[in-house]
Amino acid sequence: MKTKIQTLSALLSALLITELLVLGSCQNPLDPPRDEKLADGRGSFSLQIGGLNLGRTILPVTAQNDFAAYTLAFSTWTVTGQETVTKDRTNANLTEPVSLRAGTWNLAVTAYMDEAKNMPAAQGTLEEIEIKSGAATKKSLELKAIIKAGSEGEFTWNIEYPSEVSEASIRIEPLDTKTGTAEQSLYFIGGTSLVDKNNGSAPLTLKTGYYRVTFSLKNGELEAGCVEYLHIYQNMKSEFSRTFTTQNFTSRDFILFEDGTAAPQFRASTLQDALDWFKIPGHTKANVAYIITLAADAKLAPFTLDSTNMVKSGVTITLKGEGTEREISLSENGSLFTIKSGYTLVLDSNITLKGREKNNASLVQVNQDGTLMMKDGKILDNDANTSPRDAKDDISVGGVYVSSSGTFTMEGGEISGNSSLGSNFANNCISVGGVYVSSSGTFTMKGGEISGNNGVGIRSSDVGNYYRIDIFGGVSSSGTFTMEGGKISGNTSNTSSGGGVSVSSNGTFTMKGGEISDGVSVSGTFTMKDGKISINKSDLYNGAVRVTSSGIFIMEDGEISGNTSTSSGGGVYVYSSGTFTMKGGKISGNTSNFHGGGVYVSSSGTFIMEGGEISDNYSGSGGGGVYVYSSGTFTMKGGKISGNTVNNKWGDASYGGGVFAIGTFTMEGGEILGNTANWDGIHGGYGGGVHITSNGTFTMKGGEISGNTGTGIIRGGGVSVSDGGTFTMKDGEISGNTSSRQGGGVYFSGSGTLTMEGGEISGNTSNNSGGGGVYVSDDGTFTMKGGKISGNTGIGSDYDSDGGGVCISSSGTFTMEGGEISGNTSSGEGGGVYFSGNGTFTMKSGEISGNTSSRQGGGVSVSTSKEGAFLKIGGVIYGYSVGEPKSNAVKNTIGEVQNKYYGHAVYLNSYEKRETTVTPAQNLDSTKFGAAGGWTE
């Protein structure tokens, strides 16, 4: 059996002065009698002397409530000077009321060993006692030893121990070295000076005050002992008795050092005893670090480090395992360690803190300016299985709970296997498996791992309304979290709140390094300066990073990669009112089975891209790189969206290898390049680079959309606009894109709208269906007010490659009010523009020049139905003239100019054409023949 050492908590609480104020006219039957005949302007005062629970304290033999006599000296100040009232009392009449004038009084109490009051022993004071007219006031105080030069008391002991003990001693240390008797060590066996183990007949005289007394015994390699707190009162004797048996002797597996010293401060047979050492007044020093080494596993009841009951503040306690891993397991429900103001707990090497099943608290709690430092070790296997309750704002945490003003620094070690079950809570409750950081709490993670923790919530209903429970697996923070290294992985949550990390409203998370998996949910502020968020696999919900309502995510560097979602937003999902700002870093290699392989921006969500890269992501339906939903907003000022892929996995077309926009996309800079929309052999697709549809808007003010590809039956290698989508190009470049069908650069259909005010669409290629630069069809509308469409190519058989620059078919509309269509090539008709169907092509100004076709219409080829119309009322369309670099021309496959009946400038059906330049003053009308239509040269 290990030595049982009592705690000092009762002593310290007793040392506090308690105050009771009795108001009103009713007498409490437990109170002492009071003066019922108080004169006007007077009140009564009653005194009680508080008793001490002896605990681990050695007190005088005479108890405080049994002194022979007392003097009560009251004093107050009036306008005429100091007024005093003195009363003599014994134990028999100590509580008798004293009548005092209404006002503020001070009281000094002296206790004596004798009735003659020649032997004062203890004293105490009360200040600012408020005496109210007609009221009774009662107060209690503790008397303390009178400490003055020359005053002394006595100490006697009586201990028993087995005969085989080889060494036994007592060390007496003054807590105040200036007023107390100097430290001395006395031996019963095995040293000098030798004293009797029973000195009742020869007491030791000590100066009045307080001492730490250590009894130490050895039996070979085994030890026993205890530490006590001694009170020496003037003229009084304090006695101690203890019997040690063979069962008290054990190896001292728990050794306490003051950091930087070689000699142990204390050796204990239990961790509880080692920790209780700090509770004894005078043991600890402010701003000093201590180390406890563990040579054995330990079981520990919930323990609180708190300056209010552990005497000193600014104390650091480090736990280390000796030789191998040492486990500290929780013996009963509660937090194994609660760290409060002024204390720091350090978990060093070879230490495991182990929880218990169906616990009702976190394994470690840090609050009220307390600090936890984890350099190594483990915090694991705590199951915070909360019972039903009916209170708002409940928090259930499995591993570590960092409360208000608490600080947690993690440099290594592991927090794993913890869980939290929140059930039947009221509204706005939180359940966290690993670590929770509350508002004004601080967590800095420099290393280590938070893994395999689980958050579970069971929702209950009240009159049909479901309570809200936020459930998190690894980390949830409403305070300040800085991650500089380490790993948060393998954590789970049974809701979308966040398997890995959740940053709650008003919380801040700064990631400077390390790795997070299992998802990040942000409704506060998350700043990513480095590190990696990866390997998230969401079977139910969206995105490795979820920026929820009012959340802010700022990405300056780092990587969000290798994540998978069976729904939308493989890498990032920005919810309503959330904001994601990307200034650097990379969102890459993520997969979504539905929309937004890299990024999904939901209704009212905002994504601002100023740099960085969204690359090599994959989606199974729309937006291999980015998907912007209705009323969502994406602003691109820099960076790259590149190498992303979309496949039509769900029996529908593929949309937007790089970007799919139903919401608003503004491109002011940056690049959308090298993206691909693939064909599954059945359904086709749209927009190798960008697809805009369903009232979505894309405004291009700069930047580049280039090198994108549509394979199979894909329309719009660079950009596709359909079904009410709007594309406005004011600047920038759409170049080098390739489509397997219509619109190498841009494809418009289904009431989509393109307005080109500047910029350049160049070097794009369509295969087998025309519109190397731009293809407009099915009620699509293209208005060109400026900019340049040049160097584009339509390739294919004679009838499937029309419109090297622009192809308008079916009911498409093209209005040219400025700009230039030049240097384009078609292997079919219309090197510059091909127009057919029942739509309209109106040229009001601008220039069509330097284009080439292999069949008819080097500049423009028109093949309309009765409803269609081509009108030129301004601008210039060049014909062919030898030596004119702006000539449009019809050439055969080997580059020879065809000078008869092919319409170098304009070709209208098979009966009207213009071979020479059509000047700005000359008009053309496809609905009229001959000179009336301007066809006579």
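A salt bridge is taken here as a side-chain nitrogen of Lys or Arg within 4 Å of a carboxyl oxygen of Asp or Glu, and by this rule the count comes to 11 salt bridges. The model is predicted, so that local features need pLDDT of at least 70 and side-chain atom pairs count only at pLDDT 80 or more, while totals for chains, interfaces and linings use all residues. Residues are numbered from 1 along each chain as its sequence is written, and side-chain values use heavy atoms, with hydrogens and water left out.

| Salt bridge | N to O distance |
|---|---|
| E160 and K197 | 3.6 Å |
| E183 and R171 | 4.0 Å |
| E258 and K285 | 3.5 Å |

The elements named in what follows are DSSP runs numbered from the N terminus, where helices (H or I) have at least four residues and strands (E) at least two. The salt bridge between E160 and K197 links distant parts of the chain, with E160 in strand 11 (residues 152–160) and K197 in the loop between strand 13 (184–189) and strand 14 (204–207), 37 residues apart.

For the salt bridge of E183 with R171, E183 sits in the loop between strand 12 (167–174) and strand 13, whereas R171 belongs to strand 12, 12 residues apart. E183 is partly exposed, with a relative accessibility of 49%, and R171 is partly exposed at 29%. Both residues also belong to a network of salt bridges that links R171, E173, E183 and R212.

The salt bridge of E258 with K285 joins strand 18 (residues 254–258) to the loop between helix 2 (271–276) and strand 20 (288–294), so the pair ties together parts that are 27 residues apart in sequence. Here E258 is buried at 16%, whereas K285 is partly exposed at 43%.

Turning to strand pairing, two strands pair if DSSP finds at least two bridges between them. Strand 12 runs antiparallel to strand 15 (residues 209–219) over eight bridges, and I172 has V213 of strand 15 as its bridge partner. Strand 15 also pairs with strand 16 (residues 222–232), again in the antiparallel sense, over 11 bridges, with L217 opposite A224 in strand 16. These two strands form a hairpin with two residues between them, and G220 in the turn has a positive phi of about 70°.

Conventions:
Buried means under 20% relative accessible area, exposed over 50%, partly exposed in between (1.4 Å probe, protein chains only).
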